[in-house]
Amino acid sequence: MTRASDKQNWDEFCALLGEIETISDRTQVAKLSQDYYHFSPILQPLLQDKTGDIVVLPRSESEVLKVAKLCVDSEIPLTVRGAGTGNYGQCVPLKGGVILDMSKMNNIVWMKPGLACVEPGVKLAALDKKSREIGWEMRMFPSTYRTATIGGFIGGGSGGIGSITYGQLRDNGNLHAVRVVTLEAEPRIIELRGDAVQNINHAYGTNGIITQLEIPLAPVYPWMELIVTFKEFMNAAKFGQALSQSDGIIKKLVSICAAPIPSYFIPFRDIIPSGEQAAMLMVAETSLEPLQELIKNFQGKICYQKSTQETVKGTTIIEFTWNHTTLHARSIDPSLTYLQTLFPADPELKLIQECYDYFGDEVIQHLEFLRTGGNLHPAGLQIVRFTNEARLNEIIQYHEDRGAIIFNPHTYILEDGGMKTVDLQQLNFKQKYDPLGLLNPGKMRGWVDNG
(Lines give C-alpha, C1' and ligand atoms only; values in the text may rest on other atoms or scores of the structure.)
Protein backbone atom coordinates (compact mmCIF):
# COMPACT_ATOMS: atom_id res chain seq x y z
CA MET A 1 0.00 0.00 0.00
CA THR A 2 1.51 3.33 -1.09
CA ARG A 3 1.60 6.13 1.49
CA ALA A 4 1.71 9.82 0.62
CA SER A 5 4.98 10.08 2.51
CA ASP A 6 6.58 7.42 0.25
CA LYS A 7 6.77 10.01 -2.53
CA GLN A 8 8.50 12.57 -0.35
CA ASN A 9 12.09 13.58 -1.05
CA TRP A 10 13.42 13.39 2.51
CA ASP A 11 16.83 14.85 1.67
CA GLU A 12 15.08 17.92 0.36
CA PHE A 13 12.83 18.01 3.44
CA CYS A 14 15.89 17.92 5.75
CA ALA A 15 17.53 20.69 3.76
CA LEU A 16 14.46 22.87 4.25
CA LEU A 17 14.55 22.17 8.00
CA GLY A 18 17.98 23.76 8.18
CA GLU A 19 19.54 23.42 11.64
CA ILE A 20 16.65 21.47 13.18
CA GLU A 21 17.92 18.06 14.36
CA THR A 22 16.73 14.96 12.50
CA ILE A 23 17.26 11.20 12.64
CA SER A 24 17.03 9.21 9.41
CA ASP A 25 18.79 5.97 10.41
CA ARG A 26 16.18 3.26 9.74
CA THR A 27 16.87 1.32 12.94
CA GLN A 28 16.54 4.43 15.09
CA VAL A 29 13.45 5.64 13.26
CA ALA A 30 11.81 2.24 13.72
CA LYS A 31 12.65 2.28 17.44
CA LEU A 32 11.19 5.76 17.85
CA SER A 33 8.02 4.67 16.06
CA GLN A 34 7.10 2.23 18.84
CA ASP A 35 5.56 2.18 22.29
CA TYR A 36 4.44 -0.65 24.59
CA TYR A 37 1.55 -1.84 22.41
CA HIS A 38 3.09 -5.32 22.61
CA PHE A 39 1.22 -5.67 25.93
CA SER A 40 -1.70 -6.50 23.61
CA PRO A 41 -1.65 -9.64 21.43
CA ILE A 42 -4.34 -7.94 19.31
CA LEU A 43 -2.28 -4.82 18.59
CA GLN A 44 1.03 -6.61 18.02
CA PRO A 45 0.36 -7.82 14.45
CA LEU A 46 -1.46 -4.58 13.56
CA LEU A 47 1.33 -2.21 14.59
CA GLN A 48 4.64 -4.07 14.51
CA ASP A 49 5.52 -2.97 10.95
CA LYS A 50 4.36 0.66 11.30
CA THR A 51 7.18 3.18 11.18
CA GLY A 52 7.74 6.81 10.39
CA ASP A 53 10.07 8.00 7.64
CA ILE A 54 12.09 10.50 9.64
CA VAL A 55 12.36 11.74 13.23
CA VAL A 56 12.53 15.49 13.87
CA LEU A 57 13.62 16.84 17.26
CA PRO A 58 12.66 20.51 17.67
CA ARG A 59 14.16 22.56 20.50
CA SER A 60 11.76 25.52 20.42
CA GLU A 61 8.24 26.56 19.54
CA SER A 62 9.53 28.39 16.47
CA GLU A 63 11.10 25.15 15.22
CA VAL A 64 7.81 23.31 15.76
CA LEU A 65 6.07 25.96 13.67
CA LYS A 66 8.60 25.46 10.89
CA VAL A 67 8.11 21.68 10.87
CA ALA A 68 4.33 22.10 10.92
CA LYS A 69 4.46 24.45 7.92
CA LEU A 70 6.60 22.07 5.87
CA CYS A 71 4.28 19.14 6.68
CA VAL A 72 1.21 21.14 5.68
CA ASP A 73 2.77 22.37 2.44
CA SER A 74 3.66 18.80 1.36
CA GLU A 75 0.72 17.10 3.13
CA ILE A 76 3.06 14.92 5.20
CA PRO A 77 1.57 13.00 8.15
CA LEU A 78 2.97 14.10 11.52
CA THR A 79 2.89 12.03 14.71
CA VAL A 80 3.91 13.65 18.00
CA ARG A 81 5.98 11.57 20.43
CA GLY A 82 6.95 11.96 24.08
CA ALA A 83 8.93 9.11 25.63
CA GLY A 84 6.87 6.35 24.00
CA THR A 85 5.74 4.80 27.29
CA GLY A 86 2.09 4.44 26.20
CA ASN A 87 0.53 1.01 25.92
CA TYR A 88 -1.74 1.02 22.91
CA GLY A 89 0.00 2.62 19.99
CA GLN A 90 -0.86 6.24 20.78
CA CYS A 91 2.37 7.46 19.15
CA VAL A 92 2.80 4.75 16.49
CA PRO A 93 2.54 6.33 13.01
CA LEU A 94 0.04 4.42 10.89
CA LYS A 95 0.84 6.29 7.68
CA GLY A 96 4.54 7.05 7.98
CA GLY A 97 5.75 10.61 7.68
CA VAL A 98 7.36 12.69 10.42
CA ILE A 99 7.82 11.55 14.00
CA LEU A 100 7.99 14.79 16.00
CA ASP A 101 10.03 13.83 19.06
CA MET A 102 9.48 16.53 21.71
CA SER A 103 12.11 15.30 24.17
CA LYS A 104 14.50 18.22 23.48
CA MET A 105 11.84 20.77 24.53
CA ASN A 106 12.40 20.06 28.22
CA ASN A 107 12.58 23.42 29.97
CA ILE A 108 10.72 24.30 33.14
CA VAL A 109 9.61 27.81 32.13
CA TRP A 110 8.55 28.94 35.60
CA MET A 111 7.32 27.55 38.88
CA LYS A 112 5.49 29.02 41.85
CA PRO A 113 3.63 27.53 44.81
CA GLY A 114 0.87 25.33 43.39
CA LEU A 115 1.60 25.78 39.68
CA ALA A 116 4.31 25.07 37.10
CA CYS A 117 4.70 26.10 33.46
CA VAL A 118 6.70 23.55 31.47
CA GLU A 119 7.60 22.45 27.98
CA PRO A 120 6.20 19.08 26.86
CA GLY A 121 9.49 17.16 26.94
CA VAL A 122 10.03 17.65 30.68
CA LYS A 123 10.22 14.27 32.39
CA LEU A 124 7.73 13.79 35.19
CA ALA A 125 10.40 12.76 37.69
CA ALA A 126 12.42 15.89 36.90
CA LEU A 127 9.37 18.11 37.39
CA ASP A 128 8.53 16.36 40.65
CA LYS A 129 12.10 16.77 41.94
CA LYS A 130 12.23 20.46 41.05
CA SER A 131 8.82 21.27 42.55
CA ARG A 132 9.76 19.52 45.81
CA GLU A 133 12.47 22.13 46.29
CA ILE A 134 9.71 24.66 46.97
CA GLY A 135 7.49 22.28 49.00
CA TRP A 136 5.23 21.08 46.19
CA GLU A 137 4.93 17.97 44.01
CA MET A 138 3.04 16.58 41.03
CA ARG A 139 -0.57 15.79 41.78
CA MET A 140 -0.53 12.55 39.81
CA PHE A 141 1.71 10.58 37.50
CA PRO A 142 1.86 7.15 35.83
CA SER A 143 4.06 4.31 37.03
CA THR A 144 6.44 5.20 34.17
CA TYR A 145 7.19 8.56 35.73
CA ARG A 146 10.98 8.13 35.68
CA THR A 147 10.93 8.14 31.86
CA ALA A 148 7.55 9.58 30.76
CA THR A 149 7.20 13.21 29.68
CA ILE A 150 4.52 15.65 30.75
CA GLY A 151 3.36 16.20 27.16
CA GLY A 152 3.02 12.47 26.56
CA PHE A 153 1.17 12.04 29.85
CA ILE A 154 -1.37 14.73 28.97
CA GLY A 155 -1.72 13.52 25.38
CA GLY A 156 -1.99 9.80 26.05
CA GLY A 157 -2.49 9.24 29.78
CA SER A 158 -5.45 9.55 32.12
CA GLY A 159 -4.29 9.39 35.74
CA GLY A 160 -2.14 7.33 38.07
CA ILE A 161 -0.39 7.56 41.42
CA GLY A 162 -2.17 10.44 43.17
CA SER A 163 -5.54 9.89 41.45
CA ILE A 164 -6.91 8.50 44.71
CA THR A 165 -6.88 12.10 45.95
CA TYR A 166 -6.90 14.36 42.87
CA GLY A 167 -8.94 12.38 40.35
CA GLN A 168 -8.18 12.00 36.66
CA LEU A 169 -6.39 14.36 34.28
CA ARG A 170 -9.74 15.28 32.73
CA ASP A 171 -11.24 16.31 36.06
CA ASN A 172 -11.64 20.08 36.42
CA GLY A 173 -8.53 21.87 37.60
CA ASN A 174 -5.94 19.21 36.78
CA LEU A 175 -4.71 21.00 33.65
CA HIS A 176 -4.76 24.80 33.64
CA ALA A 177 -3.52 25.74 30.18
CA VAL A 178 -1.78 24.52 27.04
CA ARG A 179 -0.07 26.24 24.14
CA VAL A 180 -0.62 24.42 20.85
CA VAL A 181 0.78 24.66 17.34
CA THR A 182 -1.91 24.12 14.71
CA LEU A 183 -1.65 22.49 11.28
CA GLU A 184 -3.68 25.04 9.39
CA ALA A 185 -2.53 26.35 6.00
CA GLU A 186 -0.50 28.86 8.04
CA PRO A 187 0.32 27.10 11.32
CA ARG A 188 0.08 29.31 14.39
CA ILE A 189 0.27 29.17 18.16
CA ILE A 190 -2.94 29.23 20.17
CA GLU A 191 -3.42 29.13 23.94
CA LEU A 192 -6.19 27.10 25.54
CA ARG A 193 -7.31 27.80 29.11
CA GLY A 194 -10.11 26.58 31.35
CA ASP A 195 -12.51 24.08 29.79
CA ALA A 196 -10.87 24.61 26.39
CA VAL A 197 -7.92 22.43 27.48
CA GLN A 198 -10.18 19.39 27.03
CA ASN A 199 -9.78 19.83 23.27
CA ILE A 200 -6.23 18.52 23.67
CA ASN A 201 -6.37 16.46 26.88
CA HIS A 202 -5.98 12.72 26.11
CA ALA A 203 -6.39 13.24 22.36
CA TYR A 204 -3.29 11.24 21.29
CA GLY A 205 -1.90 14.35 19.58
CA THR A 206 -4.55 14.07 16.86
CA ASN A 207 -5.55 17.73 16.81
CA GLY A 208 -2.60 19.90 17.86
CA ILE A 209 1.06 19.92 18.90
CA ILE A 210 1.49 20.79 22.59
CA THR A 211 4.43 23.15 23.13
CA GLN A 212 3.79 24.38 26.68
CA LEU A 213 1.59 23.44 29.65
CA GLU A 214 0.54 24.88 32.98
CA ILE A 215 0.27 22.05 35.51
CA PRO A 216 -1.14 22.45 39.05
CA LEU A 217 0.92 21.04 41.90
CA ALA A 218 0.07 19.55 45.29
CA PRO A 219 1.60 20.15 48.74
CA VAL A 220 4.40 17.70 49.57
CA TYR A 221 3.75 15.17 52.31
CA PRO A 222 6.30 12.85 53.96
CA TRP A 223 5.30 9.75 52.00
CA MET A 224 6.10 6.26 53.18
CA GLU A 225 5.65 3.02 51.23
CA LEU A 226 4.05 -0.11 52.64
CA ILE A 227 3.03 -3.56 51.47
CA VAL A 228 0.19 -5.17 53.40
CA THR A 229 -0.73 -8.82 52.84
CA PHE A 230 -4.05 -10.63 53.22
CA LYS A 231 -5.08 -14.27 53.17
CA GLU A 232 -8.34 -13.54 51.31
CA PHE A 233 -8.68 -11.37 48.21
CA MET A 234 -12.01 -9.76 49.14
CA ASN A 235 -10.55 -8.74 52.50
CA ALA A 236 -7.80 -6.98 50.59
CA ALA A 237 -10.29 -5.36 48.18
CA LYS A 238 -12.57 -4.17 50.99
CA PHE A 239 -9.57 -2.84 52.87
CA GLY A 240 -8.63 -0.86 49.74
CA GLN A 241 -12.16 0.53 49.58
CA ALA A 242 -12.18 1.45 53.29
CA LEU A 243 -8.77 3.12 53.11
CA SER A 244 -9.79 5.05 50.00
CA GLN A 245 -12.92 6.29 51.78
CA SER A 246 -10.93 7.37 54.85
CA ASP A 247 -10.43 11.00 53.95
CA GLY A 248 -8.58 11.64 57.20
CA ILE A 249 -5.79 9.23 56.16
CA ILE A 250 -3.54 11.08 53.71
CA LYS A 251 -2.67 8.78 50.83
CA LYS A 252 -1.25 8.74 47.34
CA LEU A 253 -1.59 5.11 46.25
CA VAL A 254 -3.98 2.24 47.01
CA SER A 255 -3.17 -0.73 44.76
CA ILE A 256 -4.57 -4.22 45.40
CA CYS A 257 -3.07 -7.29 43.70
CA ALA A 258 -4.64 -10.73 43.92
CA ALA A 259 -2.43 -13.80 44.04
CA PRO A 260 -0.45 -14.86 42.07
CA ILE A 261 0.40 -11.30 40.89
CA PRO A 262 2.74 -10.56 43.84
CA SER A 263 4.84 -13.56 42.81
CA TYR A 264 5.73 -11.66 39.62
CA PHE A 265 7.41 -8.93 41.70
CA ILE A 266 10.93 -10.37 41.87
CA PRO A 267 12.38 -7.86 44.42
CA PHE A 268 9.55 -8.68 46.84
CA ARG A 269 9.37 -12.47 46.40
CA ASP A 270 11.04 -13.12 49.74
CA ILE A 271 8.91 -10.45 51.44
CA ILE A 272 5.36 -11.24 50.28
CA PRO A 273 4.25 -14.72 51.44
CA SER A 274 3.43 -17.11 48.60
CA GLY A 275 -0.26 -17.27 47.70
CA GLU A 276 -1.22 -14.08 49.54
CA GLN A 277 -2.80 -10.90 48.22
CA ALA A 278 -0.89 -7.63 48.46
CA ALA A 279 -1.90 -4.01 49.01
CA MET A 280 0.76 -1.61 47.72
CA LEU A 281 0.34 1.69 49.58
CA MET A 282 1.74 5.21 49.80
CA VAL A 283 0.53 7.14 52.84
CA ALA A 284 1.80 10.13 54.79
CA GLU A 285 3.93 9.13 57.78
CA THR A 286 1.59 11.09 60.03
CA SER A 287 -1.24 8.73 59.00
CA LEU A 288 0.53 5.52 59.98
CA GLU A 289 -1.24 5.01 63.32
CA PRO A 290 -4.85 5.14 62.01
CA LEU A 291 -3.73 3.08 59.01
CA GLN A 292 -2.47 0.34 61.32
CA GLU A 293 -5.87 0.18 63.00
CA LEU A 294 -7.58 -0.16 59.62
CA ILE A 295 -5.20 -2.93 58.57
CA LYS A 296 -5.99 -4.82 61.77
CA ASN A 297 -9.75 -4.49 61.13
CA PHE A 298 -9.36 -6.33 57.81
CA GLN A 299 -6.97 -9.02 59.08
CA GLY A 300 -4.03 -7.61 57.12
CA LYS A 301 -0.35 -7.70 58.01
CA ILE A 302 2.40 -5.21 57.14
CA CYS A 303 5.28 -7.10 55.54
CA TYR A 304 7.22 -4.15 54.11
CA GLN A 305 7.62 -0.60 55.31
CA LYS A 306 9.84 2.16 53.95
CA SER A 307 10.23 5.55 55.62
CA THR A 308 10.16 8.89 53.83
CA GLN A 309 13.97 9.09 53.93
CA GLU A 310 14.28 5.61 52.44
CA THR A 311 11.73 6.07 49.63
CA VAL A 312 14.12 8.25 47.65
CA LYS A 313 16.59 5.35 47.41
CA GLY A 314 16.46 1.98 45.66
CA THR A 315 13.32 0.10 44.66
CA THR A 316 10.04 2.00 44.76
CA ILE A 317 6.67 0.25 44.92
CA ILE A 318 5.36 2.82 42.42
CA GLU A 319 6.97 0.73 39.69
CA PHE A 320 4.96 -2.34 40.67
CA THR A 321 1.55 -0.67 40.40
CA TRP A 322 -0.74 0.60 37.65
CA ASN A 323 0.56 -0.60 34.28
CA HIS A 324 3.95 -1.57 35.69
CA THR A 325 2.07 -4.48 37.29
CA THR A 326 1.33 -5.75 33.78
CA LEU A 327 4.94 -5.18 32.74
CA HIS A 328 6.26 -7.35 35.60
CA ALA A 329 3.67 -10.08 34.99
CA ARG A 330 4.54 -10.24 31.29
CA SER A 331 8.26 -10.35 32.04
CA ILE A 332 7.57 -13.70 33.74
CA ASP A 333 4.85 -14.92 31.34
CA PRO A 334 4.66 -13.07 27.97
CA SER A 335 1.36 -14.78 27.12
CA LEU A 336 -0.39 -12.60 29.71
CA THR A 337 -2.25 -9.44 28.74
CA TYR A 338 -4.56 -7.05 30.57
CA LEU A 339 -7.78 -5.04 30.69
CA GLN A 340 -8.63 -1.53 31.91
CA THR A 341 -11.92 -1.42 33.77
CA LEU A 342 -13.85 1.20 35.72
CA PHE A 343 -16.04 -0.68 38.18
CA PRO A 344 -19.21 1.01 39.45
CA ALA A 345 -19.06 2.79 42.80
CA ASP A 346 -20.34 0.17 45.24
CA PRO A 347 -19.44 -0.05 48.94
CA GLU A 348 -20.00 -3.82 48.84
CA LEU A 349 -17.79 -4.40 45.73
CA LYS A 350 -20.34 -6.96 44.51
CA LEU A 351 -19.25 -6.96 40.87
CA ILE A 352 -15.60 -7.37 41.83
CA GLN A 353 -16.55 -10.34 44.02
CA GLU A 354 -18.60 -11.82 41.17
CA CYS A 355 -15.77 -11.43 38.62
CA TYR A 356 -13.22 -12.84 41.06
CA ASP A 357 -15.36 -15.93 41.66
CA TYR A 358 -16.46 -16.36 38.02
CA PHE A 359 -13.15 -15.95 36.19
CA GLY A 360 -10.79 -17.34 38.79
CA ASP A 361 -7.22 -17.49 37.51
CA GLU A 362 -8.19 -16.48 33.95
CA VAL A 363 -8.75 -12.83 34.93
CA ILE A 364 -6.55 -12.04 37.92
CA GLN A 365 -7.80 -9.06 39.87
CA HIS A 366 -5.63 -5.95 40.11
CA LEU A 367 -7.40 -2.88 41.48
CA GLU A 368 -6.28 0.74 41.58
CA PHE A 369 -8.57 2.94 43.66
CA LEU A 370 -9.15 6.42 42.25
CA ARG A 371 -11.53 9.33 42.16
CA THR A 372 -13.16 10.54 38.98
CA GLY A 373 -15.88 13.15 38.64
CA GLY A 374 -15.74 13.51 42.42
CA ASN A 375 -16.65 9.86 43.09
CA LEU A 376 -14.54 6.98 44.39
CA HIS A 377 -14.21 3.97 42.07
CA PRO A 378 -12.13 0.82 42.00
CA ALA A 379 -10.42 0.65 38.61
CA GLY A 380 -9.29 -2.73 37.36
CA LEU A 381 -6.07 -3.35 35.47
CA GLN A 382 -6.72 -7.06 35.54
CA ILE A 383 -4.12 -9.52 34.29
CA VAL A 384 -5.71 -11.78 31.66
CA ARG A 385 -4.54 -15.22 30.56
CA PHE A 386 -4.99 -14.75 26.82
CA THR A 387 -6.29 -17.59 24.66
CA ASN A 388 -7.81 -15.87 21.61
CA GLU A 389 -9.50 -12.64 20.57
CA ALA A 390 -13.01 -14.11 20.69
CA ARG A 391 -12.57 -15.12 24.33
CA LEU A 392 -11.08 -11.73 25.19
CA ASN A 393 -14.16 -10.07 23.70
CA GLU A 394 -16.40 -12.39 25.76
CA ILE A 395 -14.59 -11.30 28.93
CA ILE A 396 -15.04 -7.64 27.96
CA GLN A 397 -18.74 -8.20 27.21
CA TYR A 398 -19.27 -9.95 30.56
CA HIS A 399 -18.02 -6.86 32.37
CA GLU A 400 -19.95 -4.38 30.24
CA ASP A 401 -23.20 -6.33 30.60
CA ARG A 402 -22.90 -5.88 34.36
CA GLY A 403 -22.28 -2.15 34.39
CA ALA A 404 -18.49 -1.92 34.28
CA ILE A 405 -16.85 0.39 31.74
CA ILE A 406 -14.00 -1.15 29.75
CA PHE A 407 -11.35 1.25 28.49
CA ASN A 408 -10.16 -1.20 25.87
CA PRO A 409 -6.34 -1.37 25.70
CA HIS A 410 -6.53 -3.60 22.62
CA THR A 411 -7.38 -0.85 20.15
CA TYR A 412 -5.39 2.16 18.93
CA ILE A 413 -8.55 4.11 18.05
CA LEU A 414 -9.04 7.02 20.46
CA GLU A 415 -12.79 6.65 20.96
CA ASP A 416 -12.90 2.84 21.01
CA GLY A 417 -10.38 2.73 23.83
CA GLY A 418 -12.41 5.17 25.90
CA MET A 419 -16.08 5.99 26.22
CA LYS A 420 -17.00 4.44 22.82
CA THR A 421 -18.52 7.71 21.62
CA VAL A 422 -17.11 10.43 19.40
CA ASP A 423 -15.94 13.46 21.38
CA LEU A 424 -17.48 16.23 19.28
CA GLN A 425 -15.45 18.90 21.07
CA GLN A 426 -12.18 17.25 20.03
CA LEU A 427 -13.48 16.41 16.55
CA ASN A 428 -14.59 19.99 15.87
CA PHE A 429 -11.24 21.24 17.11
CA LYS A 430 -9.43 18.94 14.69
CA GLN A 431 -11.60 20.03 11.75
CA LYS A 432 -10.68 23.63 12.45
CA TYR A 433 -7.01 23.33 13.30
CA ASP A 434 -5.92 20.24 11.33
CA PRO A 435 -8.18 20.43 8.27
CA LEU A 436 -6.01 18.06 6.19
CA GLY A 437 -6.05 15.42 8.92
CA LEU A 438 -2.24 15.20 9.07
CA LEU A 439 -1.87 14.78 12.84
CA ASN A 440 -1.55 11.13 13.90
CA PRO A 441 -3.89 9.95 11.10
CA GLY A 442 -5.99 6.84 11.58
CA LYS A 443 -6.39 7.20 15.35
CA MET A 444 -9.62 9.23 15.57
CA ARG A 445 -12.72 7.31 14.48
CA GLY A 446 -14.83 10.46 14.37
CA TRP A 447 -12.47 11.92 11.76
CA VAL A 448 -12.52 8.74 9.67
CA ASP A 449 -16.32 8.74 9.78
CA ASN A 450 -16.76 12.44 9.08
CA GLY A 451 -13.58 13.58 7.40
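Contact, on this tour, means heavy atoms within 4.5 Å. The model is predicted.

**Stop 1: Met138**

Select Met138. Met138 sits in strand E7, residues 136–138. Is Met138 buried or exposed? Its relative accessible area is 3%, so Met138 is buried. Now show what surrounds the side chain. Met138 and Pro219 are 81 residues apart in sequence, yet their C-alpha atoms are 8.6 Å apart in space.

**Stop 2: Phe39**

Move to the loop between helix H2 (26–31) and helix H3 (43–47), and pick Phe39 there. Phe39 has 2% relative accessibility and therefore counts as buried. Which residues is Phe39 in contact with, leaving aside its neighbours within four places in sequence? Show Asn87, then Asn323, Thr326, Leu327 and Arg330. Leu336, Thr337 and Tyr338 complete the list. Next, draw a distance from Phe39 to Pro334, C-alpha to C-alpha. The separation is 8.4 Å, for two residues 295 places apart along the chain.

**Stop 3: helix H4 and the residue after it**

Select residues 61–74, which form helix H4. H4 has 14 residues. From first C-alpha to last, H4 reaches 20 Å, close to the 20 Å expected at 1.5 Å a residue. Colour the buried residues of H4: Glu61, Glu63, Val64, Val67, Ala68, Leu70, Cys71 and Val72. As you look down the helix, keep its geometry in mind. An α-helix has 3.6 residues a turn, so residues three or four places apart point the same way.

Now step off the end of the helix. Glu75 follows H4. Glu75 lies in the loop between H4 and strand E3 (78–81). Check its backbone: phi of Glu75 is near 55°, a positive value in a residue other than glycine. How accessible is Glu75? With a relative accessible area of 46%, Glu75 is partly exposed.

**Stop 4: the loop between E9 and E10**

Go to the loop between strand E9 (189–193) and strand E10 (209–219), where Asn199 is found. Asn199 is buried, at 9% relative accessible area.

Tyr204 is buried, with a relative accessible area of 5%.

**Stop 5: a cis peptide bond**

Select Ala259 and Pro260 and look at the bond between them. The peptide bond from Ala259 to Pro260 is cis, with omega near 10°. Where is Pro260? Pro260 is in the loop between strand E12 (251–257) and strand E13 (277–284).

**Stop 6: helices H8 and H9**

Show residues 233–245 as H8 and residues 288–297 as H9. The two helices pack at an angle of about 150°, with axes 10 Å apart. An angle over 145 degrees counts as roughly antiparallel, which makes H8 roughly antiparallel to H9. The crossing of H8 and H9 is right-handed. From H8, pick Phe239, Ala242 and Leu243. They meet Leu291, Leu294 and Ile295 in H9. The residues of this contact are 6 nonpolar, no polar and no charged.

**Stop 7: helices H12 and H13**

Last, select residues 350–359 for H12 and residues 389–401 for H13. H12 and H13 pack at an angle of about 150°, and their axes are 11 Å apart. H12 and H13 are therefore roughly antiparallel to each other. Their crossing is right-handed. On the H12 side, the contact is made by Glu354, Cys355, Tyr358 and Phe359. On the H13 side, select Arg391, Ile395, Tyr398 and His399. How does the contact of H12 with H13 divide by class? There are 5 nonpolar, 1 polar and 2 charged residues.

Key. Residues numbered from 1 in each chain as written. Predicted model: local features only at pLDDT ≥ 70, side-chain atom pairs only at ≥ 80, totals over all residues. Heavy atoms only, no water. Helix = DSSP H or I, 4+ residues; strand = E, 2+ residues; numbered from the N terminus. Expected span 1.5 Å × (residues − 1). Buried < 20%, exposed > 50% of the residue type's maximum accessible area, 1.4 Å probe, protein only. Axes fitted to C-alpha atoms, helices over the stretch in contact; angles between N-to-C directions. Parallel < 35°, antiparallel > 145°, perpendicular 65-115°, else oblique. Left-handed = near helix turned anticlockwise from the far one by under 90°. Nonpolar A, V, L, I, M, F, W, Y, C, P; charged D, E, K, R; others polar.
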